Amino acid sequence: MRFDILTIFPRIFDSYINESIMKRAQDSGIIEIYSHDLRAWTTDKHHSVDDTPYGGNPGMILKVEPIVRALRALPVLHKKKIILFDPAGAQFRQARARKYAKLDQLVLICGRYEGFDERVKEYVDDVISIGPYVLSGGELPALIVVEAVGRLCEGVLGNIESLAEETYSTEGFVEYPQYTRPEIFEGHAVPKVLMSGNHKAITAWQKTKTRKQSPR
Ligand code: SAM
């Protein structure tokens, strides 16, 4: 799985993607993550990626040309989707992460400032929001999508069973609570059944504790 992130802050990703699961997944060649500086696709001497919006609104928006030039310059793998981040887009959910994990390539476009020229939407497959709040840019949303999708790619997680039983593995369900040592911490005890060694009873307890998420 290949991730191409289009951004005006390509170095923002360095530290996160070079640690832990994301690093191991890249080292083992299961995923590839590239962050591309949109300035590389500007043609003016100031490398302008943004401009003032028509209509006199305050702030700046990302220009359409560098983004489209970048999209046309990237390598194209067989099963590919282009994603644009927008707080007003479709809510990113686990079911969508699962669909994306079956692709070969995701191109992720990070907005900044007041957003982007609306015409960018003509060149993308999906417009995605990671939640009903406004961030300063699409870089954190991109990291969230890379991680949520990347960890579902075959071979990324050592223990594949952890995927089958985790929260949202079935839409709307929340995983049972888990505990580790010590048995009692400041008066809070681990449920006795978990230390009983009775696997049938443990599975039954876990089932009763797996709950349907209450609607919000
Ligand atoms: N003016 C825009 C509006 O009112 O909808 C907000 C722009 S925001 C400050 C800059 C960029 O951050 C957006 O274009 C988008 O790429 C990204 N962004 C911010 N919040 C986001 C969210 N919740 N989900 C996905 N992307 C987000």
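Domain bounds here come from an automatic or database domain assignment. Keep that in mind at the first stop, and remember throughout that this is a predicted model.

**Stop 1: the two domains**

Colour residues 2-150 as domain 1 and residues 166-212 as domain 2.

Next, look at where the domains meet. How many residues of domain 1 are in contact with domain 2? Four are, and they touch four residues of domain 2. Between them, the two domains bury about 290 Å². Carbon and sulfur atoms hold 34% of that buried area. On the domain 1 side, select Arg93, Gln94 and Arg98 and show their side chains. These residues lose the most area to domain 2. Together they make up 89% of what the domain 1 side buries.

**Stop 2: the ligand and its shell**

Centre the view on the ligand. Around the ligand there are 20 residues. Select Phe85, Gly111, Glu114, Tyr133 and Leu135 to see those that come nearest. Then colour the whole shell by residue class.

Now for the polar backbone atoms. A backbone N or O atom of Ile130 sits 3.0 Å from a ligand nitrogen. Gly131 likewise places a backbone N or O atom 3.0 Å from a nitrogen atom of the ligand. Move on to Gly137. One of its polar backbone atoms is 3.4 Å from an oxygen atom of the ligand.

On its own, the ligand has 580 Å² of accessible area, and the protein covers 82% of that.

Which elements give two or more residues to the shell? They are β5 (80-91) and β7 (126-129). Highlight β5: it supplies three residues, the largest share of the shell.

**Stop 3**

Start with Pro182. Zoom in on the peptide bond that runs from Arg181 to Pro182. This bond is cis, with omega near 5°. Pro182 itself is found in the loop between β8 (173-174) and β9 (184-185).

Jump to Ser20, in helix α2 (residues 20-27). Check the phi angle of Ser20: it is positive, about 50°, although the residue is not a glycine.

Finish at His47. Where does His47 lie? Look in the loop between β2 (32-37) and β3 (50-51). The phi of His47 is near 55°, again a positive value in a residue other than glycine.

Conventions:
Residues are numbered from 1 along each chain as its sequence is written. This is a predicted model: local features need pLDDT of at least 70, side-chain atom pairs count only at pLDDT 80 or more; totals for chains, interfaces and linings use all residues. Side-chain values use heavy atoms; hydrogens and water are left out. A residue is near a molecule or strand if one of its heavy atoms lies within 4 Å of it. A polar contact is a pair of N or O atoms within 3.5 Å; within protein, one must be able to donate a hydrogen and the other to accept it, and residues adjacent in sequence count only if both atoms are side-chain atoms. Accessible areas come from the Shrake-Rupley method with a 1.4 Å probe; for residues, only the protein chains shown count as cover. Helices (H or I, at least four residues) and strands (E, at least two) are DSSP runs, numbered from the N terminus. Contact means heavy atoms within 4.5 Å. Buried area is the accessible area (1.4 Å probe) that two parts lose on being put together, summed over both.
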